[in-house]
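Dear colleague,

I am passing on the structure below, and after it you will find my notes on what turned up. Please read them alongside the coordinates.

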Amino acid sequence: MTSAPEQPGHPGPATPYGTPAAPRIAVRGEAHLEVDPEIARIGITVSARGTDRTDALTDLTRRNTTALDLIKTYGDAVEKLETGAFSITPELTRHGRGERIRAYHGRVHITAELTDFTALGELTTRLADLDLTSIDGPWWALRPDSPAHRQARQQAVREAVQRAREYAEALGTTLAALVELADIEAENAQPYAMAAPQFAMRSKGFDAGAPEQTPALDLEPERQHVYAQVNARFTMSPPAL
């Protein structure tokens, strides 16, 4: 079966490769930046243990309040403070008949985000010096609206234009128009995808000493990697081949 001839005035199917009168160039622009982190997140776990449920809850409440009050003394250095999971779990005896409770274990998980890294080391060691309190982190990150993301995307676009221009110049011609610009995984690294924690500290199981005697931990911020990629298509003036 033969197809009907095209009617005048009705264009045929579009070709992704352009036409001799308007050749197309397809390129990819990429950018990779290394920047300083903007926030640091630490996880705090406050624990309590007792043979009586009420006593365990009382100790847990007191230690949780102490940890929260300590964190709040750092004011604007702490950008976000959240309480996560809470649990109180009975521990059964391993021997004997029946279900006999040996002790109760209580835990509260707290998350704090800091923007002042000079206060981070001091706060972490002071928290770790509290009774039955463990610290995990820090996880370094950028804010979702960090200028670094915009800078990477713009740099990727500029690289795509420059690469297409170089191809056109190699053919002795110039770019004519932008046909398409596609954002392909502009940030491979999610803004809040935290890096692996740099340390984990556990408190001692007795009364802590005076806070001013606790040495501050020296923490070096981890550089953040920001990626951006774009696909771009341009038309160019017909080259003289």
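P138 lies in strand 6, where helices (H or I, at least four residues) and strands (E, at least two) are DSSP runs numbered from the N terminus. The peptide bond that leads from G137 to P138 is cis, with omega near -5°. This is a predicted model, in which local features need pLDDT of at least 70 and side-chain atom pairs count only at pLDDT 80 or more, while totals for chains, interfaces and linings use all residues. Residues are numbered from 1 along each chain as its sequence is written, and side-chain values use heavy atoms, with hydrogens and water left out.

In the loop between helix 2 and strand 6 sits L132, whose phi is near 45°, a positive value in a residue other than glycine. With a relative accessible area of 35%, L132 is partly exposed (buried means under 20% relative accessible area, exposed over 50%, and partly exposed in between, with a 1.4 Å probe and protein chains only).

Strand 6, residues 133-141, also holds W140, which counts as buried because its relative accessibility is 0%. A search of the whole structure finds 1 aromatic pair; the ring centres of F117 and W140 are 5.1 Å apart and the planes stand at 85°, so this pair is edge-to-face. For the criterion, rings of Phe, Tyr and Trp (its six-membered ring) pair if their centres lie within 6.5 Å, and planes under 30 degrees apart count as stacked, over 60 as edge-to-face and the rest as tilted. The pair links distant parts of the chain, since F117 belongs to helix 2 (residues 117-128) and the two residues are 23 residues apart.

Leaving aside neighbours within four places in sequence, I42 is in contact (heavy atoms within 4.5 Å) with residues including I110, L123, L127, P138 and W139.

E113 lies in strand 5 (residues 101-114) and, at 2% relative accessibility, counts as buried. Its side chain makes a polar contact with the side chain of R41 (2.6 Å); such a contact is a pair of N or O atoms within 3.5 Å, where within protein one must be able to donate a hydrogen and the other to accept it, and residues adjacent in sequence count only if both atoms are side-chain atoms.

**The chain overall, and where to be careful**

The chain has 3 helices and 9 strands, and buried residues make up 34% of its 241 residues. Its mean pLDDT (the predictor's confidence in each residue, from 0 to 100) is 84, and 79% of the residues score at least 70. Where pLDDT is low, the predicted coordinates should not be read in detail.

Best regards
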